[in-house]
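Keep the viewer open and follow along.

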Amino acid sequence: MTDMTKKTFVWSIFTRIFHILLIICVSIAYITSDFDNLLSFHAAFGYTMVVLFLFRIVWGFMNVRYSKFSDFTFNLHDLFDYLTHIFHPKKSYIGHNPAASWAVVAMIILGILTGMSGALVYGTQEGMGIFSFLNHTYFKEMELFEELHEVIANAFMLVVLAHIAGVLVDKFVHKGDAITSMIDGTKNANATNLILTFGQKIFGFVWVATSILFLLYLLSSSDNPLLKDGNTHINYEQEHALFFEECSSCHILYPPFLLPENSWKIMMNNLEDHFGDDASLEEVDRLSIKNYLLSHAAQHSTKESALKIMQSMKNKDTIAITQTPYWIQRHKNIDKALFQSAKVQKKSNCKACHKNFEHGLLNDKDIHLPKE
Ligand code: HEC
Ligand code: HEC
């Protein structure tokens, strides 16, 4: 029988800070995953999670009592035994029980894969971060990468939930102290105390300090390799002065990649009745602008918005971006009153919410809803 009167020191301060940082990173990354305009936060906390896990792997090989992987229980027979007797465990474990051992390793692997696949989506779909160069070659696969990222992230979250369920079983069924041990570092048990060597303390310190500084660095400057914007600012005035002048005289300038060739063809062949206005041009000018629009239409772009608007149109003859299914779907949750507000006025006034819109940038991080 274990002596319940004695406290054993099992989790070092570094393990506990790591654990808290991990909870913060995973929660924030999870919550922000649903908000496009928070994508850079999502990425920053996701990257930090990966850094935390990478250090944890090294920690697992550093001969730290209870935390080292060789102290984990991976025996499948023990796991089966533990799970089938979950309400009346035959054996008590000081460090990680068999279910927790498997969960920790699964979380480390899936967490790192989630981060890596996320960086791939960030690069292929948004043209951002270290993989931004992949946007040019793999943009057609952006949805595949996104699905992959979602599947891995969901698998990761399932293990997290299982881990939380296990902790709750420990608390309420076994009346154990796993939760408090992650706060004060001790468990009620008569076992050998954890003692860190000087080298382990240095490593532990570097682990938490690096992770915190890394997160602060990502949050404070978006001009770093992991989050940097690989999309180029387009100066349409320089690219095609005529297009710039003629097509932004009545409204904002719409970057050509937002509509496919066919839409521009129809629009440019009917300028005398352009949404009820007469926007007709001299024939040479019309042809020059038309050619420019056709050669820079959605078909020739690697941008997420270009690909998705085009795919959603399914060869229909729509010429208003705001009538494409993708546009409608992406803006359906926005309060209608905001579109009519003084700062926006109409839904086609994209630049009211998308900063840098007229420079061909439609990044998630540039979305700012004007305050009414
Ligand atoms: C005489 C004024 C005028 C000129 C010049 C003009 N437009 Fe328009 N345009 C309008 C009006 C009015 C609308 C419909 C209302 C709105 O969305 O602002 C419109 C709408 C659009 C839309 C659809 C916006 C949406 O709702 O998705 C596009 C795209 C567009 N114009 C492109 C162009 C291009 C390209 C040129 C240059 C060849 C051009 N416009 C020149 C008046 C003009
Ligand atoms: C009232 C503000 C507002 C206006 C005006 C607006 N948008 Fe948006 N747009 C948003 C918001 C907010 C989102 C993000 C929605 C979400 O999180 O799913 C968004 C998302 C998008 C996306 C998807 C972003 C991505 O990378 O996944 C595209 C593309 C887009 N808008 C294009 C346009 C275009 C083109 C116009 C003008 C014709 C326009 N928007 C007008 C607020 C606006």
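What follows covers the ligand shells, some helices and a few loop residues.

## Ground rules

This is a predicted model, so to speak with care: local features need pLDDT of at least 70, side-chain atom pairs count only at pLDDT 80 or more, and totals for chains, interfaces and linings use all residues. Residues are numbered from 1 along each chain as its sequence is written, while chains are lettered from A and ligands numbered from 1 in the order in which they are written.

## The two ligand shells

Start with ligand 1, which has 16 residues around it; Cys247, Cys250, Phe275, Ile321 and Ser348 are the closest. A residue counts as near a molecule if its C-beta atom, placed from the backbone, lies within 6 Å of it. Sorted by class, this shell holds 8 nonpolar, 5 polar and 3 charged residues. Here nonpolar covers Ala, Val, Leu, Ile, Met, Phe, Trp, Tyr, Cys and Pro, charged covers Asp, Glu, Lys and Arg, and the others, Gly among them, are polar.

Ligand 2 has 25 residues around it, and Asp36, Ser305, Arg330, Cys350 and Cys353 come nearest. Helices H13 (304-313), H14 (325-331) and H15 (336-340) each give two or more residues to that shell, with H14 giving the largest share, 3 residues. Helices here are DSSP runs (H or I, at least four residues), numbered from the N terminus. The class count for ligand 2 is 14 nonpolar, 6 polar and 5 charged.

H2 is mostly covered, with 16 of its 22 residues buried. "Buried" means 20 or more other C-beta atoms within 10 Å of the residue's own, "exposed" means 12 or fewer, and "partly exposed" is in between, with C-beta atoms placed from the backbone.

Thr48 is found in H2. Thr48 is buried, with 27 other C-beta atoms within 10 Å. Leaving aside neighbours within four places in sequence, Thr48 is in contact with Cys25, Ser211, Phe214, Leu215 and Leu218; contact means that the C-beta atoms, placed from the backbone, lie within 7 Å. C-alpha to C-alpha, Thr48 and Gln238 are 40 Å apart in space, and 190 residues apart in sequence.

## H3 against H4

The axes of H3 (residues 76-84) and H4 (residues 98-126) come within 8 Å and cross at roughly 115°. Axes are lines fitted to C-alpha atoms, for helices over the stretch in contact, with angles running from 0 to 180 degrees between N-to-C directions. H3 and H4 are therefore roughly perpendicular to each other, a label used for 65 to 115 degrees (under 35 is roughly parallel, over 145 roughly antiparallel, the rest oblique). Asp78, Leu79, Tyr82 and Leu83 of H3 meet Pro98, Ala99 and Trp102 of H4. By class, this contact has 6 nonpolar, no polar and 1 charged residues.

## H13 and the positive phi residues

Back at H13, 7 of its 10 residues are buried, and these pack against H4, H6 (142-172) and H14. Just after H13, Lys314 takes a positive phi of about 45°. Asn315, in the loop between H13 and H14, has a positive phi of about 60° although it is not a glycine. Asn315 is exposed, with 8 other C-beta atoms within 10 Å.

Lys175 sits in the loop between H6 and H7 (178-184). Its phi is positive too, about 50°, although Lys175 is not a glycine. With 7 C-beta neighbours inside 10 Å, Lys175 counts as exposed.

Definitions and conventions
Two residues are in contact if their C-beta atoms, placed from the backbone, lie within 7 Å.
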